[in-house]
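Subject: Structure for you, with notes

Hello,

Here is the structure I promised to hand over. My notes on the sheet, the helix packing and the salt bridges follow below it.

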Amino acid sequence: MSKYFITDEVVKVDFPDGQWVEVKRELSQRDQDCIMDRMAKVKAGENKNEMEFSLGRMALLERVITNWSFVDDAGVRVPITPDNISNLKLKYRTLILTRVDALNKQTNEWAEKN
């Protein structure tokens, strides 16, 4: 772990059924920019500019998930792809997002105090 720079440090999110997912401990500026780019877009209309917003949870999951234990029925590791992330059951997504939110809160609290 670097004192000043984000490294490939991950946190393991364990699920009650024995499965797990590893997520980035902290988002890089590139990660944050990518998520923001996908959350808000400006479209030029005939009479005005229009803003389009999305919640960005999918973009967040795609940027933070680095590894997981999920295997298919044949026992082959399921690849980490946007489609597979999108199709994760709510019980997994909820725990992942809760943990990522907690990690981000810790980082933000430190920044606000200092």
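A salt bridge here is a side-chain nitrogen of Lys or Arg within 4 Å of a carboxyl oxygen of Asp or Glu. A search of the whole structure on that basis finds four of them. I come back to them after the fold.

First, the ground rules. This is a predicted model: local features need pLDDT of at least 70, side-chain atom pairs count only at pLDDT 80 or more, and totals for chains, interfaces and linings use all residues. Residues are numbered from 1 along each chain as its sequence is written, and side-chain values use heavy atoms, with hydrogens and water left out.

The sheet

Helices (H or I, at least four residues) and strands (E, at least two) are DSSP runs, numbered from the N terminus. Two strands pair if DSSP finds at least two bridges between them. Three strands make an open, antiparallel sheet in the order S1-S2-S5. S1 (10-14) and S5 (65-68) are the edge strands; each has a single partner, so one side of each lacks a neighbour in the sheet. On average, neighbouring strands are turned by 25° against each other, direction ignored. Axes are lines fitted to C-alpha atoms, for helices over the stretch in contact; angles run from 0 to 180 degrees between N-to-C directions.

S2 (residues 20-24) and S5 run antiparallel and are joined by three bridges. Glu 22 sits opposite Asn 67 in S5. Helix H2 (residues 57-64) packs on this sheet and touches S2 and S5. Its direction makes about 65° with that of S5. Contact means heavy atoms within 4.5 Å.

H2 and its surroundings

How do H2 and H4 cross? Their axes come within 11 Å and cross at roughly 80°, H4 being residues 90-113. The two helices are therefore roughly perpendicular (65 to 115 degrees). From H2, Arg 57, Leu 60, Leu 61 and Val 64 take part. They meet Arg 93, Ile 96, Leu 97, Val 100 and Asp 101 in H4. That contact holds six nonpolar residues, no polar ones and three charged ones. Nonpolar covers Ala, Val, Leu, Ile, Met, Phe, Trp, Tyr, Cys and Pro; charged covers Asp, Glu, Lys and Arg; the others, Gly among them, are polar.

Buried means under 20% relative accessible area, exposed over 50%, partly exposed in between (1.4 Å probe, protein chains only). Ala 59, Leu 60, Leu 61 and Val 64 in H2 are buried. Their cover includes S2, H1 (29-39), S5, H3 (82-86) and H4.

The salt bridges

Arg 57 and Asp 101 form one at 3.1 Å, N to O. Arg 57 lies in H2 and Asp 101 in H4, so the pair ties together parts 44 residues apart in sequence. Arg 57 is partly exposed at 36%, and Asp 101 is partly exposed at 35%. A network of salt bridges with shared partners joins Lys 24, Asp 31 and Arg 63.

Within it, the closest N and O atoms of Asp 31 and Arg 63 are 2.8 Å apart. Asp 31 is in H1 and Arg 63 in H2, so this pair links parts 32 residues apart in sequence. Asp 31 is buried at 2%; Arg 63 is partly exposed at 25%.

Arg 25 and Glu 9 also meet, at 2.7 Å, N to O. Arg 25 is in the loop between S2 and H1, and Glu 9 is in the segment before S1, 16 residues apart.

Best regards

Note on methods:
Parallel < 35°, antiparallel > 145°, perpendicular 65-115°, else oblique.
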